[in-house]
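This briefing is for a reader who is new to the structure. It covers a pocket, the aromatic rings and a pair of strands.

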Amino acid sequence: MDAMENLLTRRSVRKYKPDMVPEEKINKIIKAGLYAANGMGRQSAIIVAVTNKEIRDKLSAANCKVGGWKEGFDPFYGAPVVLIVLADKNSSNNKYDGACVMENLMLAAHAEGLGSCWINRARQEFETPEWQAWLKDIGVEGEWEGVGHCILGYTDGDEPEPAPRKENRVYRVK
């Protein structure tokens, strides 16, 4: 798939098969995220790849609680892989750098034939002592702010159709 086609055809997927994504594909997607544009080349965002179902389910439950849904709702829509993007709290460009990482992850997933979706509420989750402690337990040191969760997996069904593009969103100065 060429780059322009990838950009124009990628959509958020909210229904996944339970099949695990091969490690090679996950690694390619992560590599694309690590090559995202970033302010002054500081590379202030990191990625935590979660493929452990128990941790994935705990993370989903925490996200569900922050979102205010009924217990048992899965805000990760059954996706077996969650790539958590965190940004250095001390970097002035942290949210923007993290957003670029998220976009690269989603585009790379689409190029690899996978569905993806940006799931919010990572900021609120990773402000809690429980998830801060978890980061330390897995070896992540420093002060990090959650940017988003990039969920990945094989799409269960057809990918969504694009919404019509709104008019009058481009202004030109010549």
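What volume does the largest pocket have? Its volume is about 150 Å³. The model is a predicted one, and the points below are grouped by topic.

**The largest pocket**

- The residues lining the largest pocket are Leu7, Leu8, Arg10, Arg11, Glu103, Met106, Leu107 and Arg165.
- Two elements, helix 1 (3–9) and helix 4 (94–111), each give two or more residues to this lining.
- Helix 4 supplies the largest share of the lining, with three residues.
- Sorted by class, the lining holds four nonpolar and four charged residues, and no polar ones.

**Aromatic rings**

- Across the whole structure, a search finds five aromatic pairs.
- One of these pairs joins tryptophan 131 and tryptophan 134 in an edge-to-face arrangement, with 5.2 Å from centre to centre and 75° between the planes.
- Tryptophan 131 and tryptophan 134 are about one helical turn apart, because they are three residues apart in helix 6 (residues 129–137).
- Tryptophan 131 has a relative accessible area of 3%, so it is buried.
- Tryptophan 134 is also buried, and its relative accessible area is 16%.
- Elsewhere among the aromatic residues, ring pairs link Trp69, Phe73 and Tyr77 into a cluster.

**Strand 3 and strand 4**

- Strand 3 spans residues 115–119 and is mostly covered, with four of its five residues buried.
- Strand 3 pairs with strand 4 (residues 144–153) in the antiparallel sense, over five bridges.
- Within this pairing, serine 116 has leucine 152 of strand 4 as its bridge partner.
- In a regular strand, side chains alternate between the two faces of the sheet.

**Glutamate 145**

- Glutamate 145 is buried, because its relative accessible area is 14%, which falls under the 20% cut-off for a buried residue.
- Apart from its neighbours within four places in sequence, glutamate 145 is in contact with Val85, Leu86, Ala87, Lys89, Asn94, Lys95 and Arg123.

Technical notes
Residues numbered from 1 in each chain as written. Predicted model: local features only at pLDDT ≥ 70, side-chain atom pairs only at ≥ 80, totals over all residues. Heavy atoms only, no water. Phe/Tyr/Trp six-rings, centres within 6.5 Å; stacked < 30°, edge-to-face > 60°. Buried < 20%, exposed > 50% of the residue type's maximum accessible area, 1.4 Å probe, protein only. 1 Å grid on protein atoms, 1.4 Å probe; cavity = no way out; pocket = protein on both sides within 12 Å on 5 of 7 lines; lining within 4 Å. Points joined across faces, edges and corners; volume = space filled by probe spheres on them. Nonpolar A, V, L, I, M, F, W, Y, C, P; charged D, E, K, R; others polar. Pairing = 2+ DSSP bridges. Contact = heavy atoms within 4.5 Å.
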